[in-house]
Amino acid sequence: MTRVLYIGGSGMISSACVRASLQRGHEVTVLNRGRTTERPLPDGVEQLTADASSPTSVQDAIGTREFDAVAQFVAFSPEQVQRDIEFFSGRTGQYVFISSASAYQTPPSLLPVTESTPLRNPFWQYSRDKIAGEDLLVAAYRDSGFPMTIVRPSHTYDHTGLPTLGGWTDIARMRAGKPVVVHGDGTSLWTVTHNSDFAVGFTGLLGNPLALGEAFTITGDHAPTWNQIYEWLADAAGAPCNIIHVTSDRIASAVPQLGPGLLGDKSHSMVFDTSKLRALVPEFGTTVPYWQGAREQIAWFDAHQAKQVTDAALDAVFDALVAEAHPRGAH
């Protein structure tokens, strides 16, 4: 039986992996702060309570225990990765670092993106920090054989994670008959992967000796256009989809907090070749296309009215961008 430690375990991606691990017969331990209620841990999981950002807290919770695999979902800085290398050396047969497909060359020179695509993202510090963490792990593998595996998810979602610029604000605009803002001309391709599909690929790598020292892209092969994504959500919401296209640069200027993720990721067509992963995990594939995921999301929000939170300031910016781009209204 593979003994797996999940650091995190209750997030959008990691919670699905915990469930999939149990289904594979893994012995699952989760280390987190124990505060989540949105995605409760399933029966059969051992929970260790600690603050993953505190080395002392982690050491106190884990003690001298060893694991066949450690899945690190909440390391976002190279400093955190370096601490893990030092702490887990000799304590695990595999350390899996969840990086990001946004670490790949942005914009990509060649499509599809593969694991050999260079890592470079000049737009987004998040991505550069992931690259720095990967660099430490590659060096540790080369220098001492540290048993690392790197995985790079792209946009992975569940019922709670709307992919649009404004989240529920966009759905509220649709239902109010207002136009929604879509970056560029809406035809760039965006790979969206349901968390249950991701979990199949991820858990298939755990305890696999052929995954050591390697990096894997874990994404589905479903890459709709952004126009399709908004249209499927509108259809699920029973609302019209009046799209106003605005350049990514203009949106980033008007809403600075959206800039890094938009210019450094979402505005570029991102299509991936996952043959390397499928060679080790042949059961991996896309079983939930986004038109189905969109219905799942809208149904969940409609059943959880407290989650239908709109951002009044962002809504006003969208109104201004619509007026600026198309003064007479939606097309």
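A salt bridge is a side-chain nitrogen of Lys or Arg within 4 Å of a carboxyl oxygen of Asp or Glu, and this structure holds twelve of them. This is a predicted model, in which local features need pLDDT of at least 70 and side-chain atom pairs count only at pLDDT 80 or more, while totals for chains, interfaces and linings use all residues. Residues are numbered from 1 along each chain as its sequence is written, and side-chain values use heavy atoms, with hydrogens and water left out.

**Salt bridges**

- Arg65 and Glu46 meet through their side chains in a salt bridge of 2.8 Å, N to O.
- Glu46 is in strand β3 (residues 46–49) and Arg65 in the loop between α2 (55–62) and β4 (69–72), so this pair ties together parts that are 19 residues apart in sequence. Helices (H or I, at least four residues) and strands (E, at least two) are DSSP runs, numbered from the N terminus.
- Arg65 has a relative accessible area of 29% and is partly exposed, and Glu46, at 33%, also counts as partly exposed. Here, buried means under 20% relative accessible area, exposed over 50%, and partly exposed in between (1.4 Å probe, protein chains only).
- Another salt bridge joins the side chains of Arg173 and Asp319 at 3.0 Å, N to O. Distant parts of the chain are linked here, with Arg173 in helix α5 (residues 168–175) and Asp319 in helix α12 (residues 312–325), 146 residues apart.
- Arg173 is buried, at 2% relative accessible area, whereas Asp319 is partly exposed, at 33%.
- Lys178 forms a salt bridge with Asp315, and their closest N and O atoms are 3.3 Å apart. Asp315 lies in helix α12 and Lys178 in the loop between α5 and β8 (180–183), so the pair ties together parts 137 residues apart in sequence.

- The largest pocket holds about 720 Å³ of space. Among its 30 lining residues, Ile13, Trp124, Tyr126, Ser154 and Thr156 are the closest to its centre.
- On a 1 Å grid over the protein atoms alone, a pocket is an open set of points where a 1.4 Å probe fits, with protein on both sides within 12 Å along at least five of seven lines, and lining residues have an atom within 4 Å of a point. Grid points are joined across faces, edges and corners, and a volume is the space filled by probe spheres set on the points.
- α9 gives the most to the lining of the largest pocket, with four residues.
- The lining of the largest pocket has 13 nonpolar, 14 polar and three charged residues. Ala, Val, Leu, Ile, Met, Phe, Trp, Tyr, Cys and Pro count as nonpolar, Asp, Glu, Lys and Arg as charged, and the others, Gly among them, as polar.
- The second largest pocket holds about 260 Å³. Of its 14 lining residues, Gly8, Asn32, Arg33, Ala52 and Val74 are the closest to its centre.
- Four nonpolar, seven polar and three charged residues line the second largest pocket.

**Around Ser267**

- Ser267 sits in the loop between α9 (259–266) and α10 (275–280).
- Leaving aside neighbours within four places in sequence, Ser267 is in contact (heavy atoms within 4.5 Å) with His183, Ser188, Ser248 and Leu262.
- The Ser267 side chain reaches the backbone oxygen of Leu262 at 2.9 Å.

Key: A polar contact is a pair of N or O atoms within 3.5 Å; within protein, one must be able to donate a hydrogen and the other to accept it, and residues adjacent in sequence count only if both atoms are side-chain atoms.
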